Amino acid sequence: MTAPIERLTILEAIEKDIITCLHSAGQVFVELSKEKSSLKQAENHTQTFLKTLGQVESRLTEQINYLTQVSTGQPHEGSGYSSQKVLQMAWHRLEHARSRVNELDRLRMKHLQD
């Protein structure tokens, strides 16, 4: 079960990785813009960028999958959303049944009067 605070901590770590990604990409451009650029340095920054970008993509995909699971009401770890959705749907079905019963009663009364 992942608590909301843990989810936020994960998102903060992803945010830091995105900053690292942007910094590495910037360092590549800085290195390549120098008159005597070091290809080795540019490659190191590029590798850092690609590695971090892969991690960001993977971790964001996990978070998106979690949010997709939550929003569709599927059972998942520690959320009351699914139960709340089931309750809301039950209230909706109850209201629909009440309206149908009222309509049937109205029709019954109409036929009794005729």
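Biologist: What makes up the secondary structure of the chain in this predicted model?

Modeller: The chain holds 3 helices and 0 strands. Read from the N terminus, its elements follow the order α-α-α.

Biologist: Why is H1 called roughly antiparallel to H2?

Modeller: Helix H1, residues 4–33, packs against helix H2, residues 39–71, at an angle of about 155°. Angles over 145 degrees count as roughly antiparallel, and therefore H1 is described as roughly antiparallel to H2. The axes of the two helices lie 8 Å apart.

Biologist: In which hand does H1 pass H2, left or right?

Modeller: The crossing of H1 with H2 is left-handed. The residues of the contact between H1 and H2 comprise 15 nonpolar, 10 polar and 4 charged.

Biologist: How do you know that Ser24 counts as buried?

Modeller: Ser24 is located in helix H1. Its relative accessibility is 4%, and buried means under 20%; therefore Ser24 counts as buried.

Biologist: Which residues are in contact with Ser24, leaving aside its neighbours within four places in sequence?

Modeller: They are His45, Thr48 and Phe49. Here, contact means heavy atoms within 4.5 Å.

Biologist: What percentage of the residues of the chain count as buried?

Modeller: The figure is 15% of the 114 residues. The accessible surface of the chain amounts to about 9,200 Å², and 59% of that surface belongs to carbon and sulfur atoms.

Biologist: Among contacts between residues at least 6 apart in sequence, what share join residues at least 24 apart?

Modeller: For this chain, the share is 52%.

Conventions: Residues numbered from 1 in each chain as written. Predicted model: local features only at pLDDT ≥ 70, side-chain atom pairs only at ≥ 80, totals over all residues. Heavy atoms only, no water. Axes fitted to C-alpha atoms, helices over the stretch in contact; angles between N-to-C directions. Helix = DSSP H or I, 4+ residues; strand = E, 2+ residues; numbered from the N terminus. Parallel < 35°, antiparallel > 145°, perpendicular 65-115°, else oblique. Left-handed = near helix turned anticlockwise from the far one by under 90°. Nonpolar A, V, L, I, M, F, W, Y, C, P; charged D, E, K, R; others polar. Buried < 20%, exposed > 50% of the residue type's maximum accessible area, 1.4 Å probe, protein only. Areas by Shrake-Rupley, 256 points an atom, 1.4 Å probe, with all protein chains shown as cover.
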